[in-house]
Amino acid sequence: MHDAFVWMALSFYALGILLIVPSVVRRRPSLSPASLGALGAGLATHAAALAFEAMRIGRLPVSDVRSALSFYAFLVTLAFFFVYLRYRIVSLGLFMLPLVFLLTLISALHPEASFDSSSFRGGWLLVHIGSIFLGYTALFLTFVAAVMYLIQERELKSKQPRGFYYRLPSLKVCEELYYRSLLLGLPFLSIGILTGFVWASRTWKGPWEFDPKILASIFTWLIYLVLFSNRVSGGWRGRRAAYFAILGFAAILVTFVGASMLSGEHGYIPKLREIP
Amino acid sequence: MNLTLLGINHRTAPVDVREKMNIPEERLAEAVADLVHREGIREGMILSTCNRVEVTACAGDEIDAESVIRRFLADHHHCDLGNFTQFFYRLRQEEVVKHLFRVASSLDSMIVGEPQILGQLRQAYATARTVGAMNGTLNDVVNQALAVAKRVRRETALGSAAVSVSYAAVELAKKIFGGLQGKTIFIVGAGKMSELAAKHLLRSGAASILVANRTYDRAQELAAAFHGTPVPFENLFERMAEADIVISSTGSSKAIITRPQVEKLLSARKNRPIFFVDIAVPRDVDPAINALDNVFLYDIDDLGHVVDANKKQREREAVWAEEIIQTEVQRTLKRLASREVVPTIVALEERLNQIRAAEMERYQGRLAGMTPEQREAVEGLTRGMMNKILHGPITELKNGAGEPESATLVKLISRIFGLAD
């Protein structure tokens with residue numbers, strides 16, 4: 001059942017994304033009901049897929065790469081809906097949803113069941129993983145807002161408005177989206193990392209502090225902390241802050257995917273090797 | 001349907017002719033009433049703006065509405081229209097429908113996409129309605145034109161981008177600051193252009209205004225006009241940190257706002273963005289500051305580039321709009337045409353019903369002995385035959401509506417079935 005629903009979700013996402021294109025090209029003030037409907041159906045079938053998997057293994061399906069990517073894609077779609085309903089940015093979907101499609105595709109192409117491990121049961125870990133995922137979702141939004149800011153800023157500085165000038169929101173809106181998502185993402189990331197430390201110190205033996213994934217996530221966290229404190233103190237705005245947000249998300253990718261290959265304890269190794 | 005439109009506009013007639021033909025608003029109702037009381041004219045509407053004067057009429061089938069309108073205009077303006085013939089265009093039938101749709105959607109305007117024309121058309125329509133000059137085909141067409149204009153507005157971005165320099169400044173400010181609510185404008189060097197730009201910005205919601213000028217009196221004068229604050233020229237940079245938008249147009253021969261000064265401003269503003277509009281020639285602001293983060297600088301040529309790009313966008317959107325109008329014209333014509341055959345269909349049905357009733361009447365005596373069920377069966381039988389015979393001609397009439405042979409078909413069917421005209 002799970003696989004069938006994932007494929008359905010994937011098709012709905014693809015349809016939804018394709019239907020956004022004409023609205024963006026023709027500069028409609030809002031998305032068409034058809035594209036919103038397709039994306040909503042994608043979200044619903046995706047939720048069903050996750051629910052089936054969760055019932056089968058008896059917990060949140062996030063413990064291998066495939067399920068984790070799928071779950072993350074789901075959260076990003078959910079975030080898209082929240083942001084769209086608040087800001088009505090028609091082009092937003094084209095920045096956020098290709099990632100959703102890609103991640104769902106990867107998880108659909110690897111239909112092996114997620115493995116079950118007793119170490120993934122328990123409250124601390126649920127809080128750890130849940131917070132990290134919410135944090136990553138919000139910080140992806142920060143990244144998207146930063147990219148939109150940089151493109152719009154470039155259009156304005158070039159003084160020769162082209163397509164993006166008409167289709168992207170104002171710098172103010174990019175900046176607001178950027179700051180709000182950072183404000184939301186950073187606490188979740190912090191909680192996630194702290195609970196991870198607590199859990200690791202209780203469960204793991206040996207020098208867990210040197211686990212590559214843990215080191216990478218501390219580095220990521222520092223980037224966002226610097227970004228946040230400089231923003232609050234008033235120093236960082238505009239281009240510089242946007243570049244840093246992009247750096248931060250690159251660090252997340254390294255933590256999420258890259259360091260997992262080297263990490264001894266984060267369990268993704270056997271699964272990742274199978275991804276072509 | 002017999003629609004005729006006679007008109008002049010900014011492309012066909014110079015301003016003095018348009019002036020002469022103009023019908024002022026206060027006399028419009030009286031004029032429309034005069035028009036529709038003329039022989040054969042059923043409906044009428046007059047659209048009179050500074051860029052166009054157009055008289056539209058729906059007349060009886062055999063009426064030469066064009067000459068009626070010509071006579072009406074000549075009477076109204078007490079002049080011989082012969083001198084002005086070359087300025088007028090005359091449209092008929094579907095041309096009228098298409099033209100009204102394009103006018104309503106602002107595709108025929110001097111500045112394509114400008115929003116005023118829709119209001120003017122709505123006004124002309126309302127006036128015509130109040131004097132009872134709108135009750136049939138033309139009423140439908142104009143109503144549809146208003147609906148099409150709304151659709152064009154909704155589905156294209158035809159009217160969204162600024163096409164004048166001072167509006168371009170407002171549009172750019174909105175691209176930077178989102179809205180203009182609560183923003184402070186600083187006018188440096190009072191002049192016509194900066195005054196105009198400030199006026200647009202204030203109307204778009206900007207909160208307060210500062211004015212600095214070499215001669216302090218002039219600064220005070222302008223500040224008073226905008227309920228703003230005059231600033232002595234020596235204090236220019238002390239107050240500039242408060243401003244989100246700086247409009248500069250002094251007569252200075254070299255740049256007065258330089259990069260080090262702007263860098264200082266930025267740290268005072270904690271890097272909040274600042275937008276410089278430099279409309280002075282020679283320029284007041286050092287172009288190098290555009291490279292600074294959170295600083296945006298547009299000079300008069302840059303604003304011109306934005307206007308050009310926006311115009312190109314409008315042209316692109318106009319193509320979409322023309323497509324919408326094309327489909328809407330077809331749909332409207334189809335509907336109007338199907339209304340044309342309705343009287344024939346009704347007459348046909350009545351004719352056959354008459355025959356049936358007469359025959360039932362004739363056999364009244366011989367059918368007397370039947371039970372109610374049998375009577376009902378005979379009723380049903382005759383009605384069924386009638387409907388089967390009607391089916392063919394009615395379908396043909398409906399399908400043929402709007403096609404060139406429709407009129408022939410109507411005549412032929414009327415003749416065959418002996419329908420009165």
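Helix H15 of chain B, residues 406–416, has a buried set made up of Ser406(B), Leu409(B), Val410(B), Ile413(B) and Ser414(B). Here helices are DSSP runs of H or I, at least four residues, numbered from the N terminus, and buried means under 20% relative accessible area, exposed over 50%, partly exposed in between (1.4 Å probe, protein chains only). This is a predicted model: local features need pLDDT of at least 70, side-chain atom pairs count only at pLDDT 80 or more, and totals for chains, interfaces and linings use all residues. Residues are numbered from 1 along each chain as its sequence is written, chains are lettered from A and ligands numbered from 1 in the order written, and side-chain values use heavy atoms, leaving out hydrogens and water.

An α-helix has 3.6 residues a turn, so residues three or four places apart point the same way. The buried residues pack against H13 (342–362) and H14 (372–400) of chain B, with contact meaning heavy atoms within 4.5 Å. Thr408(B), Lys411(B), Arg415(B) and Ile416(B) are exposed on the other side of H15(B). After H15(B) comes Gly418(B), with a positive phi near 65°.

Now the cysteines: there are zero disulfides over all chains (a disulfide is a pair of cysteine sulfur atoms within 2.5 Å). For Cys79(B), the nearest cysteine sulfur, that of Cys50(B), is 20 Å away.

| Cysteine | Relative accessible area | Class |
|---|---|---|
| Cys174(A) | 0% | buried |
| Cys79(B) | 21% | partly exposed |

Terms used. Helix = DSSP H or I, 4+ residues; strand = E, 2+ residues; numbered from the N terminus.
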